[in-house]
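This briefing is meant for someone meeting the structure for the first time. Please keep the sequence and the model in view while reading the points that follow.

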Amino acid sequence: FFLTGLELAFWTGEFPQLLSPEGDKKKIGIFLAFAGIAEFIGGISLGTLSDKLGRSLITLLGCVVFGAGLGISSLIKENVSWALKPGVLDIPWSFFVSAFCFGLGDCVFNTQVYSILGEIFFDGKGRKEGEEGEGEEGGGGVGGEEEEKRRKEEEKRKREMVESFTLFQFWQNVGSCVGFWYALKVPMHGEKGTLIQVYVL
């Protein structure tokens with residue numbers, strides 16, 4: 001939960017400043033659009049891929065892709081010449097590639113978290129309760145007490161689901177706050193910039 005906020009703070013806050021410390025909104029918006037494209041592509045394809053390949057492999061793929069984005073951003077920071085070759089609107093191509101990697105990686109992390117939470121509260125408890133209900137009905141009907149018990153169990157499950165998603169959002173926001181805060185202490189951009197943020201992630 002915390003990591004999803006930490007990585008989000010990095011590629012939306014610190015990474016764009018490698019291109020434009022002054023905050024050129026036009027240039028930043030153009031290459032970060034590739035992150036949005038990656039999020040879109042990931043959103044419509046990861047569900048199917050996760051079912052076919054498994055959650056562990058998809059999560060590993062997300063880590064590799066996000067790591068590639070971090071690696072390229074490190075090359076940008078170190079002023080490696082081939083990583084700074086100008087592309088569209090004089091923006092180095094490496095920024096577009098990094099942004100795409102960050103967007104896809106972020107999509108994988110968030111999608112898998114939601115998938116895990118959904119499986120816990122729907123595929124697990126929900127299906128089990130449904131199967132128990134069918135068995136009881138086949139045995140001669142469900143009494144009033146059983147129906148009331150099942151209703152309370154369902155309400156409890158819904159409350160737990162809401163609490164879990166709220167907890168995820170809370171820790172994600174805490175991670176973002178920490179990410180933005182320590183970016184001020186150990187910035188990646190500028191003459192005194194370091195790669196500490198990359199090492200942390």
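By the ring-pairing rule used here, the count comes to nine aromatic pairs. In one of them, the rings of Tyr114 and Phe165 have their centres 5.6 Å apart and their planes at 20°, and because planes under 30 degrees apart count as stacked, this pair is stacked. Tyr114 lies in helix H4 and Phe165 in helix H5, so the pair ties together parts that are 51 residues apart in sequence. The model is a predicted one, and the points below are computed from it.

**Aromatic rings**

**Overall make-up**

- The protein contains six helices and zero strands, and when it is read along the sequence the pattern is α-α-α-α-α-α.
- Of the 201 residues of the protein, 35% count as buried.
- The protein exposes about 11,600 Å², and carbon and sulfur atoms supply 62% of that area.
- Among the contacts in the protein with a separation of 6 or more, 77% are accounted for by residues 24 or more positions apart.

**The largest nonpolar core**

- The largest nonpolar core has 22 residues, and those with the most contacts inside it are Phe10, Phe15, Phe31, Phe95 and Phe102.
- The elements that give two or more residues to this core are helix H1 (2-14), helix H2 (25-53), H3 and helix H4 (93-138).
- H4 provides the largest share of this core, with seven residues.

**Helix H1**

- Helix H1 has 13 residues and reaches 18 Å from its first C-alpha to its last, which is close to the 18 Å expected at 1.5 Å a residue.
- The buried residues of H1 are Thr4, Gly5, Leu6, Glu7, Ala9, Phe10, Trp11, Gly13 and Glu14, and Phe10 is also one of the residues with the most contacts inside the largest nonpolar core.

**Helix H3 and the residue that follows**

- Helix H3 covers residues 55-77, and at 1.5 Å a residue its 23 residues should span 33 Å, which agrees with the 33 Å between its end C-alpha atoms.
- Just after H3, Asn79 takes a positive phi of about 60°.

**Leu104 in helix H4**

- Leu104 is found in helix H4, and at 22% relative accessibility this residue counts as partly exposed.
- Leu104 and Gly36 are 68 residues apart in sequence, and their C-alpha atoms are 8.6 Å apart in space.

- A polar atom of the side chain of Ser176 lies 3.2 Å from the backbone oxygen of Gly5.
- Leaving aside neighbours within four places in sequence, Ser176 is in contact with Gly5, Leu6, Leu8 and Ala9, and among these Gly5, Leu6 and Ala9 are buried residues of H1.
- Gln169 also lies in helix H5 and is partly exposed, with a relative accessible area of 32%.
- The C-alpha atoms of Gln169 and Gly5 are separated by 8.9 Å, although these residues are 164 residues apart along the chain.
- Val174 is another residue of helix H5, and with a relative accessible area of 24% it is partly exposed.
- Between Val174 and Thr4, which are 170 residues apart along the chain, the C-alpha atoms are separated by 9.9 Å.

Terms used:
Residues are numbered from 1 along each chain as its sequence is written. This is a predicted model: local features need pLDDT of at least 70, side-chain atom pairs count only at pLDDT 80 or more; totals for chains, interfaces and linings use all residues. Side-chain values use heavy atoms; hydrogens and water are left out. Helices (H or I, at least four residues) and strands (E, at least two) are DSSP runs, numbered from the N terminus. The expected span of a helix is 1.5 Å times one less than its number of residues. A nonpolar core is a set of buried Ala, Val, Leu, Ile, Met, Phe, Trp, Tyr and Cys residues joined through side-chain atoms within 4.5 Å. Buried means under 20% relative accessible area, exposed over 50%, partly exposed in between (1.4 Å probe, protein chains only). Contact means heavy atoms within 4.5 Å. Accessible areas come from the Shrake-Rupley method with a 1.4 Å probe; for residues, only the protein chains shown count as cover. A polar contact is a pair of N or O atoms within 3.5 Å; within protein, one must be able to donate a hydrogen and the other to accept it, and residues adjacent in sequence count only if both atoms are side-chain atoms. Rings of Phe, Tyr and Trp (its six-membered ring) pair if their centres lie within 6.5 Å; planes under 30 degrees apart count as stacked, over 60 as edge-to-face and the rest as tilted.
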